[in-house]
Amino acid sequence: MGALLTDMLQRAQRSRRVVAVQTGGPMLLGYVLSHNAELLLLRTLTRQGLPTGVQTLSMHSVTQVHFDDRYVRLIEFKEHNPEVVYGLPAVPDGISSEDLSVAALLQKAHETHQLLQLETYSDTSFYGYVARLTEDELLLEVYTQFAEADGHSVMDVDSIRSVVWSNEDTRTIELLRKQPGALDKLGEG
C-alpha cells in the first residue's frame, strides 16, 4: 500500500475518525494514533464502539482500509450514544407468564409500536414494526441495521423462532429513526 493509504490514514488521524482495517485476520476498528511505512498504531474498538486497547499492525499486512463508510459511521454513532444504545433494555409491560407466547409478544409490539428483531427458523433475522397481525400471519414493516426502510414482509407466526424485544441493534435503529441523517452528519464538523 502506498500514497493513497497514507493520505487516508492521515485524514482519519486529523479528523479523529474511526477506520476499519483489513489484514490477513479479522477486520479491526479504531482510531489512528500514529503510522509510518512500517507500523500502524490504532486505539481499537469493538463493533459496539467500545474501546478495547492499543494495537500495532504491520503496514505490510494491511490489505484494505475503510473510512467514512456506512458501517464505520454506524460504529461511531454507537460510540457517541452509549446511554441509549447500551441502556437498560425495555421489557414488555403487561405480559405475564400465563400468556407469554410469540403471538402475545407480537400483539403487544403492534399495540405499542415497538421495534423488534425477529429471528426465524430459516435462520433469517428481520428488524421492524408489526404493521398487521392475524392469528396465523404478520405483516412486518422492515428496516435495515442502518434504519433505512426496507419494505414489508409477510411471515407465518409459527416461523418465528425468537422475538428480541430490545437489544443494541433495535435501540440503535430507533435512535437513528428519531435523528434522520445522523450517520451522514458524523463526518461533518
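Which residue is the bridge partner of Leu 133 in β8? I looked this up and found Leu 138.

**Entry: ground rules.** I am working on a predicted model, in which local features need pLDDT of at least 70, side-chain atom pairs count only at pLDDT 80 or more, and totals for chains, interfaces and linings use all residues. Residues are numbered from 1 along each chain as its sequence is written, and side-chain values use heavy atoms, with hydrogens and water left out.

**Entry: overall.** I noted six helices and 10 strands in the protein. Helices (H or I, at least four residues) and strands (E, at least two) are DSSP runs numbered from the N terminus. The radius of gyration is 20 Å, whereas a compact globule of 189 residues would have one near 16 Å. That radius is taken over C-alpha atoms, and the globule rule is 2.2 Å times the number of residues to the power 0.38. I also took the extents of the C-alpha trace along its principal axes, which are about 65 × 35 × 30 Å.

**Entry: sheet with β1 to β5.** I read the strand order as β4-β3-β2-β1-β5, an open sheet of five strands with antiparallel pairing. Two strands pair if DSSP finds at least two bridges between them. β4 (51–58) and β5 (64–67) are the edge strands, each pairing on one side only. The twist from one strand to the next averages 40°. For angles, axes are lines fitted to C-alpha atoms, for helices over the stretch in contact, and the values run from 0 to 180 degrees between N-to-C directions.

Inside this sheet I checked β2 (residues 28–35) against β3 (residues 39–45) and found six bridges in the antiparallel sense. Leu 29 has Leu 45 as its bridge partner in β3. Helix α1 (residues 3–15) packs on the sheet and touches β1 (18–22), β2, β3 and β5. Its direction makes about 95° with that of β2. Contact here means heavy atoms within 4.5 Å.

**Entry: sheet with β6 to β10.** I read this open sheet of five strands as β9-β8-β7-β6-β10, with antiparallel pairing. The edge strands, each pairing on one side only, are β9 (149–156) and β10 (160–164). Neighbouring strands are turned by 40° against each other on average, direction ignored.

I then went through the pairs. β7 and β8 pair in the antiparallel sense over six bridges, and they form a hairpin with three residues between the strands. Strand β8 (residues 137–143) is joined to β9 by six bridges, again antiparallel. In β9, Val 154 is the bridge partner of Leu 139, and Ser 153 is that of Leu 140. In a regular strand the side chains alternate between the two faces of the sheet.

**Entry: hairpin and pocket.** The hairpin of β8 and β9 has five residues between the strands, and there I found Ala 147 with a positive phi near 70°. Ala 147 turned up again among the residues nearest the centre of the largest pocket, with Phe 146, Glu 148, Gly 181 and Leu 183.

A pocket is an open set of points on a 1 Å grid over the protein atoms alone, where a 1.4 Å probe fits and protein lies on both sides within 12 Å along at least five of seven lines; lining residues have an atom within 4 Å of a point. The largest pocket is lined by 13 residues. Its volume is about 170 Å³, a volume being the space filled by probe spheres set on the points, which are joined across faces, edges and corners. α2 (70–80), α5 (168–178) and α6 (182–185) are the elements that give two or more residues to the lining. α6 gives the largest share, three residues.
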